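Keep the viewer open as you read.

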Amino acid sequence: MEKNRLEELRQGIFSQTLLIGGWKRRKAVTELAAAAKAQDRDAVLLLAEALKKSTDDQVKSIARDSLTSINEQKCINALCEAWHTDRSNELGQLLKKAGWVATTSDQLKLLTALKSGKLDHITNSGKEIVDQLFKATEDSDREIAENARTALGQLRNSTAHELLCKMVIEDDHKKAREIVLSAGYAPSDNHQKAVFYFLTQQWEKYDKLDSGQKLLRAAYEKADKKLKARLDEGAKANGRPIAKPEPQPPATVPSPAQPKPSQQKPTPPKPTPPAEPVKPKPVSQQPISSTVLAAAEKEPRKVYNLFDMTEKEWAMLIIALEENKQRAGIWHIAQEAPPKWSLHLLKWMKASGWVPRNEEKAEFDELTKLAQKCDFEALKAPIHAQATLEGHSDMVNCLAVTSDSRYLVSAGADKTAIVWDFAAGKLLHKLEGHSGA
């Protein structure tokens, strides 16, 4: 619409001329309504102004009916921006009735979607929407604030779920806690999930996931002081102590060459060291205490350098574990030991009939089956590191080698996968973008 004509219609729509003022107002609004029907942006904005400011009920009614039929996005955006300028109640109700959602900016899109109740425009968004929605829960418009809380509980994107759960775990965020409990959100990582269920007192889910506290203990050891304090507080308040190794009196272990007859057991048989020269390294004669054994069960690499131990030291450690009934310790060390000793330990454990806890049983069965197929002679040759591969910033969870042995692929808790030149030990590609480990 031409600028001059638009100004004439503005004067007409707000005319207060004696006797003919009403006629001029209705004539102007009727012409504007016809232009708005053709999706004229200037006419649409003038009608919105009339709806907000006019004192003539007939003018307001014609403007409202005309604006309700607007469907051109550029005109919808203009009306949404006009509403956002002063949060006019008249335009707000019209926006809600018509279901308009702006597309000009993320902020305006969010606010108009919340005002109109079109939450499907929000709930597929990722973690970037979470902070904006929390701010919107404090909005002075009651409808916007309530719809923001509803949207937080209907988010479909897993990264948004993870962020909300992280806010509960790390910051004890009260509103986030209410939302995740109501919506049933939980972290994808089992260690974080165990901590989350524990802190939010979802005991049925926690006991099903981590009845032996293995996940919670592992997460507790890596937690910072703040989180440890919260876990300790929750454990005390709910009568659910987090199990930690307790020191025990030392238990002297007999020399492997002369075990006490009363301590000899027919099954399982003690492993025979591989036929290989013993390294000229002094063997410690100190008793192995049950405290050390408990630590070996938990983190064997921190107690012993397994790849530097002599044959006699290996025999001494295994006898100590067996005499102290540390079967779980043997199982954990079998997963960390050099191949030749891992093979001995796995075959020995299979013969003993011991079975680990349910969550480790599948891994135990797989490794013991592989041990039965393994040729011990092939493991006699020493294995030495050829290269140190540096690229991950957190624990490496899994490795794979391509069938032609050309590439090694590693994946880690730092949410990256790395492709390496296997022969050269060179990083080729670092793949980023995963939302979890």
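Is Ser-116 buried or exposed? Ser-116 is buried, because its relative accessible area is 11%, and buried means under 20% on a scale where exposed means over 50% and partly exposed lies in between (1.4 Å probe, protein chains only). Before going further, please note that this is a predicted model, in which local features need pLDDT of at least 70 and side-chain atom pairs count only at pLDDT 80 or more, while totals for chains, interfaces and linings use all residues. Residues are numbered from 1 along each chain as its sequence is written, and side-chain values use heavy atoms, with hydrogens and water left out.

Ser-116 belongs to helix H7, which spans residues 106-116; helices (H or I, at least four residues) and strands (E, at least two) are DSSP runs, numbered from the N terminus. The Ser-116 side chain reaches the backbone oxygen of Trp-100 at 3.4 Å. If you set aside neighbours within four places in sequence, Ser-116 is in contact with Leu-95, Lys-96, Gly-99, Trp-100 and Val-101, where contact means heavy atoms within 4.5 Å.

Now look at the rest of H7. This helix is mostly covered, with eight of its 11 residues buried, among them Leu-108, Leu-111 and Leu-114. The cover over the buried residues of H7 includes helix H5 (73-86), helix H6 (89-98), helix H8 (128-136) and helix H9 (142-152). After H7 comes Gly-117, with a positive phi near 80 degrees.

Leu-19, with phi near 75 degrees, is one of them, and Leu-19 sits in the loop between H1 and H2. Gln-39 has a positive phi of about 65 degrees and lies in the loop between H2 and helix H3 (41-53). Leu-19 is exposed, with a relative accessible area of 82%, whereas Gln-39 is buried at 15%.

Helix H1 (residues 3-13) and helix H2 (residues 21-37) pack at about 135 degrees with axes 7 Å apart, which makes H1 oblique to H2. Axes are lines fitted to C-alpha atoms, for helices over the stretch in contact, and angles run from 0 to 180 degrees between N-to-C directions. Under 35 degrees counts as roughly parallel, over 145 as roughly antiparallel, 65 to 115 as roughly perpendicular and the rest as oblique. On the H1 side, residues making the contact include Leu-9 and Ile-13, and on the H2 side they include Ala-28 and Leu-32.

Compare that with helix H12 (residues 190-199) and helix H14 (residues 214-222), whose axes come within 8 Å and cross at roughly 95 degrees. H12 and H14 are therefore roughly perpendicular to each other.

Finally, zoom out. The chain comes to 21 helices and four strands, and buried residues make up 40% of its 437 residues.

Methods:
A polar contact is a pair of N or O atoms within 3.5 Å; within protein, one must be able to donate a hydrogen and the other to accept it, and residues adjacent in sequence count only if both atoms are side-chain atoms.
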